[in-house]
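Try each task yourself before you look at the worked solution.

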Amino acid sequence: MLINCDMGESFGVWSMGVDELAMPHIDMANVACGGHASDPDVMSKTIVLAKQHKVSIGAHPSYADIAGFGRRPMLYSPAQLSRLLVSQIGSLQALCHYHGEDVDYVKPHGALYNDMHKDVEIFTAVIKAVASFNKPLKLMVSATLTKGFVEEIARQHHVELIREAFCDRRYLSNGQLQARTERGAVLTEQEELLSQVRLLLMSRQLKCNDGSLLAVQADTLCVHGDNEAAVNQIKHIRSLVTLNSIKLG
């Protein structure tokens, strides 16, 4: 099980997260590329940090919404959305090449991530953007929402999916994430979060907000490195993943 984390979400003089502390403990860095955060200097710094720790680099594009941190739904035509994503992914890819690296995958951010799982036109626009690059890029999607059009459209465009589960978010029984605005949607207590990780690793299940269990086949776990306390949680999660790998081996 790989660990992925959102990275490079600072912008200009505004700082977000402690990437230098989190990077040594993850496998995949989802690097913001100008839609909701970041700029060329921040992207470059994050690429170099990922290269130093041999971490896979993924583009983390979003709606063009720096003011709302990409968490607000926005209206685009499918063609406009594809061009927006190609622009963001391409910017990161160009900087990766400058530093002797490559973008390996794409993970949409925030409202775009949520919307693409619900709307076939939005998902198709995302897939077309991902599939347009010469190097085959993978697309990260929710492990609980891949049935139906998600798998079919990805297959049509020959885009490989990476299925992820969130360590710190509560799920609904239909596989969707509970809205952040609702109480209990974000797991803030460390033991509660680690219990969710243990359940995922040992039985491939998630406990939903109504107490039911949801089957999950995930390739990667999403963590967040917003502060030193969050990094400490990542270290614990890494230990659990390593221990589970030893048992399976």
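Before you start, one term: contact means heavy atoms within 4.5 Å. Keep in mind, too, that this is a predicted model.

**Exercise 1. The core**

Task: Find which residues have the most contacts inside the largest nonpolar core, then list the contacts of Ile237.

Solution: 
- Step 1. The largest nonpolar core holds 72 residues.
- Step 2. Inside this core, the residues with the most contacts are Ile26, Leu92, Leu139, Leu221 and Ile237.
- Step 3. Now take Ile237 and leave aside its neighbours within four places in sequence; it is then in contact with Ile3, Cys167, Leu193, Leu194, Val197, Leu221 and Val223.
- Step 4. A general point to remember: in soluble globular proteins, nonpolar side chains tend to be buried together.

**Exercise 2. Helices α5 and α6**

Task: Work out how α5 is oriented relative to α6 and which residues make the contact.

Solution: 
- Step 1. Locate helix α5 at residues 120-131 and helix α6 at residues 149-156. Their axes come within 10 Å and cross at roughly 30 degrees.
- Step 2. Angles under 35 degrees count as roughly parallel, so α5 is roughly parallel to α6.
- Step 3. The crossing of α5 past α6 is right-handed.
- Step 4. On the α5 side, the contact is made by Val120, Phe123, Thr124 and Ile127, and on the α6 side by Phe149, Val150, Ile153 and Ala154.
- Step 5. Sorted by class, this contact of α5 with α6 has seven nonpolar residues, one polar and no charged ones.

**Exercise 3. Helices α2 and α3**

Solution: 
- Step 1. Helix α2 (residues 40-52) packs against helix α3 (residues 78-98) at about 55 degrees, with the axes 10 Å apart.
- Step 2. That angle makes α2 oblique to α3.
- Step 3. Here α2 passes α3 in a right-handed crossing.
- Step 4. Pro40, Met43, Ser44 and Ile47 of α2 meet Leu92, Leu95 and Cys96 of α3.
- Step 5. By class, the contact of α2 with α3 has six nonpolar residues, one polar and no charged ones.

**Exercise 4. Positive phi**

Task: Look at Ser38: where does it lie, and is it buried or exposed?

Solution: 
- Step 1. Most residues other than glycine have a negative phi.
- Step 2. Ser38 has a positive phi, near 85 degrees.
- Step 3. Ser38 sits in the loop between β2 (28-32) and α2.
- Step 4. Buried means under 20% relative accessible area, so Ser38, at 3% relative accessibility, counts as buried.

How values were computed. Residues are numbered from 1 along each chain as its sequence is written. This is a predicted model: local features need pLDDT of at least 70, side-chain atom pairs count only at pLDDT 80 or more; totals for chains, interfaces and linings use all residues. Side-chain values use heavy atoms; hydrogens and water are left out. Axes are lines fitted to C-alpha atoms, for helices over the stretch in contact, and angles run from 0 to 180 degrees between N-to-C directions. Helices (H or I, at least four residues) and strands (E, at least two) are DSSP runs, numbered from the N terminus. Angles under 35 degrees count as roughly parallel, over 145 as roughly antiparallel, 65 to 115 as roughly perpendicular and the rest as oblique. A crossing is left-handed if the near helix is turned anticlockwise from the far one by less than a right angle, and right-handed if clockwise. Ala, Val, Leu, Ile, Met, Phe, Trp, Tyr, Cys and Pro count as nonpolar, Asp, Glu, Lys and Arg as charged, and the others, Gly among them, as polar. A nonpolar core is a set of buried Ala, Val, Leu, Ile, Met, Phe, Trp, Tyr and Cys residues joined through side-chain atoms within 4.5 Å. Buried means under 20% relative accessible area, exposed over 50%, partly exposed in between (1.4 Å probe, protein chains only).
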